[in-house]
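This report describes one protein chain, heading by heading. Look at the sequence and the structure first, then read on.

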Amino acid sequence: MGADAFSKVSETEEFGVASELFLKTKEHLRRVSYREYKEMFNRMMRASPELRHMPLRQMETKDCIQFILRAYKTMQKAE
């Protein structure tokens, strides 16, 4: 592992942990807004189980786009 790769992995939270921390900072929001954030995170992690343990610093914009598209594409098929 190179220094660049190591710096991306060290001292970073996994997506699942980061989403829980984010939700704790948003507890003051209206119940509907809070629930929408929570549902978005849960939907993304259901559609892509590997996302829960992915370190945030390893994620790139293209990865985020793919996880979101996969989550909402899965939802559309279920309807």
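## Terms and source

Contact here means heavy atoms within 4.5 Å. The model is predicted, so to speak of a local feature a pLDDT of at least 70 is needed, and side-chain atom pairs count only at pLDDT 80 or more, while totals for chains, interfaces and linings use all residues. Residues are numbered from 1 along each chain as its sequence is written, and side-chain values use heavy atoms, with hydrogens and water left out.

## Overall layout

The chain contains 4 helices and 0 strands; both are DSSP runs numbered from the N terminus, with helices being H or I of at least four residues and strands E of at least two. Along the sequence the pattern reads α-α-α-α.

Of the chain's 79 residues, 20% count as buried. Buried means under 20% relative accessible area, exposed means over 50%, and partly exposed lies in between, using a 1.4 Å probe and protein chains only. Among contacts with a separation of 6 or more, 60% join residues 24 or more positions apart.

Thr-12 sits in the loop between helix H1 (3-9) and H2. Its relative accessibility is 24%, so Thr-12 counts as partly exposed. Which residues does Thr-12 touch, not counting residues up to four places away in sequence? They are Pro-55, Leu-56 and Arg-57.

Thr-12 and Arg-57 are 45 residues apart in sequence, yet their C-alpha atoms are 6.3 Å apart in space. The side chain of Thr-12 also reaches the backbone nitrogen of Arg-57 at 3.3 Å. This is a polar contact, a pair of N or O atoms within 3.5 Å; within protein, one must be able to donate a hydrogen and the other to accept it, and residues adjacent in sequence count only if both atoms are side-chain atoms.

## Helices H2 and H3

Two packed helices are described by the angle between their axes and the distance between the axes. For H2 and H3 the angle is about 175° and the axes are 10 Å apart. H2 is therefore roughly antiparallel to H3. Angles over 145 degrees count as roughly antiparallel, under 35 as roughly parallel, 65 to 115 as roughly perpendicular and the rest as oblique. Axes are lines fitted to C-alpha atoms, for helices over the stretch in contact, and angles run from 0 to 180 degrees between N-to-C directions.

The 17 residues of H3 should span 24 Å at 1.5 Å a residue, and its end C-alpha atoms are 24 Å apart, which agrees. The expected span is 1.5 Å times one less than the number of residues. Tyr-34 lies in H3 and is partly exposed, with a relative accessible area of 23%. Leaving out residues up to four places away in sequence, Tyr-34 touches Leu-23, Lys-26, Glu-27 and Leu-29. Buried residues of H3 are Ser-33, Phe-41, Arg-43, Met-44 and Met-45.

## The nonpolar core

A nonpolar core is a set of buried Ala, Val, Leu, Ile, Met, Phe, Trp, Tyr and Cys residues joined through side-chain atoms within 4.5 Å. The largest one has 9 residues: Phe-15, Leu-23, Phe-41, Met-44, Met-45, Leu-51, Met-59, Phe-67 and Ala-71. Apart from its neighbours within four places in sequence, Met-59 is in contact with Phe-15, Leu-51, Met-54, Cys-64 and Phe-67.

Where is Ser-48 placed? Ser-48 is in the loop between H3 and H4. Its relative accessibility is 0%, so Ser-48 counts as buried. The side chain of Ser-48 makes a polar contact with the side chain of Arg-70 at 3.0 Å. Neighbours within four places in sequence aside, Ser-48 is in contact with Phe-67 and Arg-70.
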